[in-house]
Structures are given as structure tokens and as C-alpha cells.
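Trainee: Could you walk me through reading a few features of a protein model? I'd like the general idea first, then the case at hand.

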Amino acid sequence: MDLPQFQGEHRESLYWGTYRPHVYFGIRARTPRSLVAGLMWIGVKDGMYHMRHVCQDSDELNTYGWTQHNGRDFGHQVLVDQGLKLTTSFLKSKSEGSGYGGDWAVHIDVQTDKPELDNEMLRHGHLFFYLADESGHVLSLAGDNLDTDKNSLLASGSRSDIGDWQLHLKSKEVLELHYSGFRTPHIHNLSDLVQHNLGAQVRKFGQMLLSDSSEDSPNILVFQISERIPFKADIAFVSGTKVKTSKVKERVSRLTGASLTSLLQDKQTEFDVKFERCFNVADKLEPDSTIVGKAAIANMLGGIGYFYGQSKISIPENSSLRGHDNFISYWPAELYTAVPSRPFFPRGFLWDEGFHQLLIWRWDVHICLDIIGHWLDLMNIDGWIPREQILGSEALSKCSKLPEEVVAQYPSNGNPPTLYLVIRGKAIICNHIFLTVLYKFCTLRSCVIDLL
């Protein structure tokens with residue numbers, strides 16, 4: 001996607017996002033080897049503790065999903081896990097002193113709908129917020145004894161894309177904090193790392209607390225936040241922190257506490273106003289149906305992900321090509337796309353994407369164009385696009401139980417060209433940017449002209 005329309009301010013505005021749809025809450029940047037953040041928590045089911053991290057129906061959550069999300073700089077999600085109610089809100093901010101892509105904040109609210117229970121397991125919440133650097137850059141812990149009453153800083157580091165950065169935690173409650181640091185070349189097994197650390201602590205000391213230790217030069221830091229329910233916590237990530245005009249203290253203050261609450265309320269109002277402007281359903285639907293409609297567009301936008309890797313392509317029997325186990329690798333590629341299903345299919349699928357964009361273009365045509373451009377970038381010289389995109393270790397980890405022949409893509413298999421459905425959209429036909437994208441990337445130009 002090297003067209004000027006998708007560079008500059010547009011590209012930077014979409015740099016950070018909730019682009020990890022396969023986990024209940026995850027943040028990354030639209031870059032191949034990103035700084036990645038996410039949230040785990042301990043749930044209670046049938047009198048036993050269970051780690052929650054990757055979206056899966058076997059967790060049997062009562063509900064989870066985005067109730068509001070604008071696809072760019074705001075999202076609000078509600079998760080109900082048995083008696084535990086967890087809300088996560090995401091906000092991006094670009095201000096003076098920010099590094100590339102700006103700053104972001106996460107507001108976490110932990111409640112219970114069963115406060116009368118005597119079960120001690122349900123009285124305390126255990127959250128695990130983590131940062132992981134896919135490039136292997138070292139993450140620096142603020143100190144061996146974390147105390148947010150005295151210093152909100154949790155961790156810091158540096159990257160070539162965003163400069164120096166800091167992670168802060170603030171809360172009105174006195175939170176119990178513990179940590180662990182890990183060094184690993186991949187991040188698709190973060191749940192296992194945390195559970196093994198907790199298991200060792202339980203066996204040694206009978207306490208379900210992280211070890212307050214770190215491997216040398218960690219590229220993953222996990223922070224355990226424990227407190228009696230209910231409690232709230234704000235996490236702020238600020239970039240470009242070593243610039244003289246960075247104003248780190250002011251930016252952290254703006255992204256936490258009452259200021260963050262006010263900013264989130266403004267974004268919620270903006271979402272509701274835009275929903276009515278885009279879909280004009282106030283006089284056509286009952287209030288409950290409107291809530292469902294908002295959740296539908298929110299989950300579509302909140303389910304957009306960013307992936308980077310190489311597809312496996314099956315080698316035809318009559319081909320002169322030779323590869324490992326009759327497969328070759330497609331070129332390394334990035335893909336910015338919506339996904340069909342967070343628990344079952346959290347990766348790009350060509351057929352589904354045309355239908356996704358029929359909804360997304362009405363909300364944000366520029367996001368729609370960016371997604372279509374990424375898909376067209378995957379087209380080979382024969383005009384073929386691998387229909388299922390399993391890019392990167394995290395995407396592959398969700399396919400670990402699938403046979404190899406299902407993971408591989410077959411050049412003889414195609415999908416109906418549903419991206420053309422978006423071309424037929426009245427608003428987009430008139431958009432010269434869209435026509436430019438098609439002209440540059442689509443090898444089947446005569447078909448496009450016929451459709452238009």
C-alpha cells in the first residue's frame with residue numbers, strides 16, 4: 001500500500017489499534033514486528049481457577065464483545081465471566097511531544113454481580129497486563145518493588161518507530177502488584193508462560209502470584225494486578241518520552257483518572273451520534289434493536305486485525321516446483337482486515353471480506369479502502385489471491401489442531417469475487433481514490449470496467 005492516499009497522516013492515525021481480534025483484549029501497531037499489549041485474567045468456574053486470554057467458546061463466558069468501537073481511536077468492551085464483569089475501554093491520543101502514532105490508554109473496570117457470595121475465590125480479581133516486543137527489544141522494568149502510590153511508572157523502552165516510551169498505571173485503590181519478565185523469540189504462547197510461572201509459585205508458596213523475577217534482557221513483561229472486587233485501573237502508554245517537549249507527566253495525567261473518564265464519555269457520545277448519522281435508524285427500530293445494531297458495527301470494527309507473515313501454498317502435482325512437504329511459501333505480506341469470527345476464525349478470509357466492507361464503507365470509507373488495498377496487494381501475476389490468510393505465529397497458533405492440508409492454500413481454489421460488491425456501492429463508485437486503488441492493483445481491469 002504505497003499510494004500517497006494511504007501514507008502520511010492517514011497511516012499514522014491508524015498505527016495503534018485493537019488489532020489482535022483472537023484475544024479478548026489486545027493492542028498492537030500496524031507494523032510487522034510490533035510492540036504488543038494485552039490482558040489476561042483469572043476466571044472461576046466450577047470452583048476452579050481458569051486463565052482467560054485467547055477468545056474460545058470453551059471458556060463459556062456469558063458474553064463478551066465491543067458495545068462501541070469507531071475503528072480508529074476508541075472502543076468499549078463488556079466481558080461477563082460467570083460472576084465477574086469486566087469492562088475494557090481503549091483510547092488513542094496524539095498530542096504535542098507524542099512519538100509516531102501517538103499515545104494510548106486502557107481503562108479497566110472490575111465488578112461482580114454476586115457481591116453477596118461468601119466464596120473467597122470470587123472476592124478478588126487477578127488481572128495480568130503485558131507488553132511484548134516482537135522485535136526482541138529489551139523492556140526495562142521500573143523497579144524491583146512496584147509501588148504505584150509513589151511512582152506510576154511500570155516499564156520503559158525504546159523503538160526506532162516510536163522512539164522512547166513509558167507504561168504507567170494509576171488507580172484510586174491500593175493495588176497489589178507483581179511481575180514476571182520473559183525472554184522468547186515468539187509471543188503466541190504467552191498464556192502458557194504466565195500459567196507456568198503461577199503454577200510454580202503455587203507449588204512453592206501456596207500463593208497465586210507472579211514470581212517478581214525476570215529473565216535476562218526480557219522482551220516480555222507481565223504485570224499482575226490484584227485487588228478486592230470492585231476496583232478500577234488506568235494504564236497509559238506514552239511515546240517519544242525523551243524529547244524535550246514531551247510533557248510526559250501532563251500526558252499521563254490526561255490519559256488517566258477523571259480526565260480519561262471524560263474523554264471516554266465524549267467518545268461514547270460521538271459514537272452514538274455517528275451511528276445515527278450513518279444508518280438513520282432511530283425512527284425505524286426499537287431501542288433494544290438499536291443497541292444490537294451498535295454492537296454489530298462495533299464488533300465489526302473492533303474485529304479488524306493486522307497480520308504479517310507468509311501463506312503456505314500447495315504445489316500442484318504437475319508442477320516443476322519443489323518445496324518442503326509439497327508446500328511453498330507466498331511472499332512475506334501484511335494484511336489489515338476484518339475477520340469472520342474472533343473465537344473460530346480470527347484471520348482474513350477473502351470471501352467474507354467483501355460482505356464485511358458493505359458495512360464498513362458506510363461507517364468509514366477510508367478504512368474500507370485501506371483494507372481492500374491490502375487484499376489487492378496479495379494478488380499474484382495470475383490474478384489469484386489466497387482466500388484464507390494465516391499470517392504469523394499467533395494466527396497459526398489458532399490453527400494448531402487443523403490438518404496441514406487445511407492450512408495450505410490451493411491455487412486451483414478461488415472464492416466468488418465479493419470485493420466487487422463494494423465497487424457497486426453507490427458512495428464508493430464516485431470515490432476517485434477507490435478507482436485509483438483498483439487501477440493500480442487489479443490485474444483484471446477489464447472486468448472492473450465492465451462492472452462499473
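Mentor: Gladly! Keep in mind that this model is predicted. Let's begin with the largest pocket, whose lining comprises 9 nonpolar, 8 polar and 7 charged residues.

Trainee: What is the volume of the largest pocket, and which residues are the closest to its centre?

Mentor: The volume is about 550 Å³. Of the 24 lining residues, V54, C55, Q56, S397 and K398 are the closest to the centre. Two elements, α2 (190–205) and α8 (393–397), each give two or more residues to the lining, and α2 has the largest share, with 4 residues.

Trainee: Now the sheet. In what order do the strands of the open sheet run?

Mentor: In general, strands of a sheet pair through backbone hydrogen bonds, either parallel or antiparallel. Here 8 strands are arranged as β5-β6-β7-β8-β16-β12-β11-β10, with antiparallel pairing. The edges are β5 (63–69) and β10 (140–141); each has a single partner strand, so one side of each lacks a neighbour in the sheet. β5 is joined to β6 (residues 74–81) by 6 bridges, and G65 has V78 in β6 as its bridge partner.

Trainee: How many aromatic pairs are there, and are the rings of F275 and F279 stacked or tilted?

Mentor: Ring pairs are read from the angle between planes, where under 30 degrees counts as stacked and over 60 as edge-to-face. The structure has 15 aromatic pairs. For F275 and F279, the centres are 5.2 Å apart and the planes are at 45°, so this pair is tilted. The rings of Y330 and W331, with centres 4.2 Å apart and planes at 20°, are stacked. Y330 is buried at 8% relative accessible area, while W331 is partly exposed at 36%.

Definitions and conventions:
Residues are numbered from 1 along each chain as its sequence is written. This is a predicted model: local features need pLDDT of at least 70, side-chain atom pairs count only at pLDDT 80 or more; totals for chains, interfaces and linings use all residues. Side-chain values use heavy atoms; hydrogens and water are left out. Two strands pair if DSSP finds at least two bridges between them. On a 1 Å grid over the protein atoms alone, a cavity is a set of points where a 1.4 Å probe fits but cannot get out, and a pocket is an open set with protein on both sides within 12 Å along at least five of seven lines; lining residues have an atom within 4 Å of a point. Grid points are joined across faces, edges and corners, and a volume is the space filled by probe spheres set on the points. Ala, Val, Leu, Ile, Met, Phe, Trp, Tyr, Cys and Pro count as nonpolar, Asp, Glu, Lys and Arg as charged, and the others, Gly among them, as polar. Rings of Phe, Tyr and Trp (its six-membered ring) pair if their centres lie within 6.5 Å; planes under 30 degrees apart count as stacked, over 60 as edge-to-face and the rest as tilted. Buried means under 20% relative accessible area, exposed over 50%, partly exposed in between (1.4 Å probe, protein chains only).
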